[in-house]
Amino acid sequence: MTEPKPRPAASGGGTQPPVADRLRDVLRTPGYLKLLVFSALIGVPVSLVAFWFLAGLQELNHLLWTDLPQAMDRDIPPWWWPLPLLLIAGVAVGLVVRHMPGAGGHIPASGLHAGGASTAALPGVVIAATASIPLGATLGPEAPLMALGGGLALLFRDLVRAPDTPQSSALLGAAGAGAAIAVLFGNPLVAGVLLIEVAGVGGPQLFAVMLPALLSSGVGAVVFTGFGSWTGLDTGSLTLKLPQPPSTLDTGDVVWSILMAAAIAALIHVIMAGGRLTASFVAVRTVPKTAVCAVAAGCCAALYTLVTDRTPADVASSGQDTLASMASDPHAWGVGALLAVLLFKGAAYTLCLGSLRGGPVFPSLFLGGAVGVLLAPLPGLGVVPGMAAGMAAAVTSALRLPLSCAVLVVLMLGNAATIPVVIIAAVVAFVTTELLPPGPSIRPAGGARPKGRESAVAKD
């Protein structure tokens, strides 16, 4: 794609806004239009590959954690089950990181980023994700999916001998990542918003402008709804009156959500810092140290089962399925089980963030949701608002992408009444995380410490 020629000033002494001029010129560039068409075309094969990749991970997970224990006449895996599986995962990932291009994908403790996609890294990404996620890593599949989608997009470009330029590589990598991540979240809106923030469009100025608007919209929604119904008057709104789960917000929901969001942000911030320390630890003597960290995460799952008599998969998994069961029946979890899963899953999450390969989204969602259920008995706090605020705060603190995380949680819950507390919790968590001390950076192989604060868009 060539740089468009500068447009002359408009006649009559006026000038058009330069940003609008540049955007119009880019859209009229033949190279960019071809890129849009090619992005649409590659969305089909990338989505199909992403679908079968996710399906394969799910089937392998079900085989290892459900079918094999049932074949042993056990309803749940025995307490020792995660140990050999995660030992295999640690050795496999260590070997991939040590010997294969791309090191199996980016380190989960660095958050999410769409840059750096390459075709050479594809085999390592697939092997590391397959060794990590089904075998018990406390990580989700979103980061490997983004790397897979971006690498496949570049592979298809090379197959059709399309021009290879830095601009096309960046745009096609983002397009491929978006197509793959939409398969996971089941919604292209989440993928689009997520990639806008992950790509860092607008830089810090974007967040500086967006946060006040996002926060005021959440507060305005609370005031507009009147924490329920103060006046009974109807002003009309641009909404479709679709059925919604019965839920209204009270003062306690909002107040507790603010306090809870700040506390959860501090907790997740510590976990992410621990993940970066783990990543620095495994940077030297990668294979044995990665195996040690993976087995330590397995020990967390084993201890959880010994303490609670619940399945070790509650800890040794992304938490996606467990979160769904918790949301459908939160009262099935006692206080002891909630405290145990928060302690042991948080520790396993810390270890896996720095040693194995996967994404940070679903474990943080689970931890936030578990905190919401644990604190739901507080005066004035309901289970649904508590889970909504907890999930929004935790995933925002992990990714530092407030808008994407708010959209993700809202679409997951499907409950419009909780949108205000989701937005407020996301903003509070983001600000809290940014104001806390940055903590350690990831030390690469060789011992040199990179400068600057780790962020959701940092490069490994």
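## Whole chain first

Select the whole protein chain and show its surface. The accessible surface comes to about 20,800 Å², and 69% of that belongs to carbon and sulfur atoms. Areas come from the Shrake-Rupley method with a 1.4 Å probe, and for residues only the protein chains shown count as cover. This is a predicted model: local features need pLDDT of at least 70, side-chain atom pairs count only at pLDDT 80 or more, and totals for chains, interfaces and linings use all residues. Residues are numbered from 1 along each chain as its sequence is written, and side-chain values use heavy atoms, with hydrogens and water left out.

Switch to cartoon. The chain has 16 helices and 0 strands. These are DSSP runs numbered from the N terminus: helices are H or I, at least four residues, and strands are E, at least two. Of the 460 residues, 49% are buried (under 20% relative accessible area; exposed is over 50%, partly exposed in between; 1.4 Å probe, protein chains only).

## Colour by confidence

pLDDT is the predictor's confidence in each residue, from 0 to 100. The chain averages 80, and 76% of the residues score at least 70. Now select residues 229-246, where the pLDDT is below 50. Go to residues 1-5: pLDDT stays under 50 there too. Where pLDDT is low, the predicted coordinates should not be read in detail.

## Helix H10

Select residues 286-308, helix H10. Is Gly298 buried or exposed? Gly298 counts as buried because its relative accessibility is 0%. Leaving aside neighbours within four places in sequence, Gly298 is in contact with Pro82, Leu83 and Leu86 (contact means heavy atoms within 4.5 Å). Draw a C-alpha to C-alpha distance from Gly298 to Leu86: 6.0 Å, across 212 residues of sequence.

Move along H10 to Leu303. Leu303 is partly exposed, at 43% relative accessible area.

## Helix H14

Select residues 383-399, helix H14, and pick out Thr396. Thr396 is buried, because its relative accessibility is 0%. What lies 2.6 Å from a polar atom of the Thr396 side chain? The backbone oxygen of Ala392 does. Beyond four places in sequence, Thr396 contacts Leu401, Pro402, Cys405, Ala426, Ala429 and Phe430. Show those side chains to finish the tour.

Notes: Polar contact = N/O pair within 3.5 Å; in protein donor to acceptor, adjacent residues only side chain to side chain.
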